[in-house]
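Here are my notes on the sheets and the helices that go with them. Have the viewer open while you read.

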Amino acid sequence: MDTPQSPKGQDAEGAQDGVIRVGTRKSQLARIQTDSVVEMLTERFPGSLFEIVAMSTTGDKILDTALSKIGEKSLFTKELEAALEKNEVDLVVHSLKDLPTTLPLGFTIGAVCRRENPHDAVVFHPSHAGKTLSSLPEKSVIGTSSLRRAAQLKKRFPHLDFRDIRGNLNTRLRKLDENNEFSAIILAAAGLRRMGWENRIGQVLNPEDCMYAVGQGALAVEVRAKDQEILNMVSALHDPETVLRCIAERAFMRQLEGGCSVPVAVNSAVKDGQLYLSGAVYSLDGSDSLKETMQTGVDFKLQQDEDGPEDDIQHVGITAKNVPRAALAAAEALGVALANLLLNQGAKQILTVARQLNDSR
């Protein structure tokens with residue numbers, strides 16, 4: 001098999017002085033995620049040099065307000081995209097769930113890496129080790145910054161009290177362990193595993209308890225859309241199944257006009273050439289909800305003639321050169337169709353009320 005050729009001799013559109021600069025947030029989790037992407041790229045392109053450039057984002061600096069109240073769609077991405085636009089970095093590593101479904105002009109997601117476990121996990125205060133959410137005492141306080149998690153879990157576990165908790169993973173775990181305010185907190189299983197804290201997971205929530213966020217558990221590599229050499233390079237990291245699932249999820253979210261200020265949740269799978277997508281919307285207290293599941297065939301072969309100017313069609317912000325175009329189109333159409341099904345059943349009203357209530361809190 002031919003070794004992939006690394007980008008070289010690039011001008012202002014690509015890497016400067018032979019070094020490919022990789023932008024990331026400064027948090028420990030972001031650095032771990034970025035290191036893993038650089039490691040994968042180094043394995044595939046051993047002749048390339050990578051330099052990691054870490055920076056703080058708006059979302060990292062606002063620690064006293066729930067994310068859903070801030071109303072900014074690019075809390076964790078704006079500063080990184082500014083550096084990408086100025087050619088200060090050549091690619092940026094994100095958690096896919098932090099990226100809006102519509103990217104600023106000139107950018108694209110050039111790679112979606114193989115997804116880690118996308119489900120949510122419960123981390124219990126040491127005094128409640130061995131328990132589950134259902135076995136916690138009445139009025140136990142559960143920390144989560146997510147409207148999506150709170151809406152689903154309030155309905156499922158009405159004996160519990162859900163409150164906001166902000167900060168990165170380290171901060172939240174410290175608040176849990178050192179203060180006695182929270183009996184447990186809800187976090188993404190993927191982040192805990194990447195941090196090496198899998199032993200703190202007391203319970204993984206299945207889709208019946210809590211469906212996950214759009215793109216949760218997947219890492220995305222954002223690049224300049226016209227930077228063909230870098231785009232070709234990072235596309236080697238695409239995991240086709242993850243790409244199809246996340247395109248369907250993102251199309252569902254975009255068609256609903258959802259975001260972190262409304263409770264929207266998904267669950268997806270690829271099995272026997274079929275892509276399955278479940279999607280749901282909730283009122284803030286979870287009392288009102290709509291949920292449906294649809295599927296579509298995605299078992300298409302990559303055509304030899306798919307190499308050309310049409311390569312760079314984006315599907316909800318994702319450019320996937322190594323996945324059959326017919327499969328990408330089917331995945332996006334599935335997400336749109338599922339959203340339209342819920343909209344026809346009254347999802348718009350549920351989300352509008354949820355957004356208004358959240359804004360007034």
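This is a predicted model: local features need pLDDT of at least 70, side-chain atom pairs count only at pLDDT 80 or more; totals for chains, interfaces and linings use all residues.

1. Start with the open sheet of 5 strands, whose order is S2-S1-S3-S10-S4 and whose pairing is mixed.

2. On average, neighbouring strands here are turned by 30° against each other, direction ignored.

3. Now look at the S4 end. S4 pairs with strand S10 (residues 219-224) in the antiparallel sense, over 5 bridges.

4. Helix H1 (residues 28-44) lies across strand S1 (19-25), S2, strand S3 (91-95) and S10. H1 runs at about 165° to S2.

5. On to the other open sheet: 3 strands, ordered S11-S12-S13, with antiparallel pairing. Strand S11 (264-271) and strand S13 (289-297) are its edge strands, and each pairs on one side only. Neighbouring strands in this sheet are turned by 10° on average, again ignoring direction.

6. Strand S12 (residues 274-282) and S13 are joined over 9 bridges, in the antiparallel sense. Along that pair, Val-281 sits opposite Leu-290 in S13.

7. Which helices go with this sheet? Helix H10 (residues 325-344) lies across S12 and S13, at about 150° to S13. Helix H11 (residues 347-360) also packs on the sheet, touching S11, S12 and S13, and its direction makes about 50° with that of S12.

Methods:
Residues are numbered from 1 along each chain as its sequence is written. Side-chain values use heavy atoms; hydrogens and water are left out. Two strands pair if DSSP finds at least two bridges between them. Helices (H or I, at least four residues) and strands (E, at least two) are DSSP runs, numbered from the N terminus. Axes are lines fitted to C-alpha atoms, for helices over the stretch in contact, and angles run from 0 to 180 degrees between N-to-C directions. Contact means heavy atoms within 4.5 Å.
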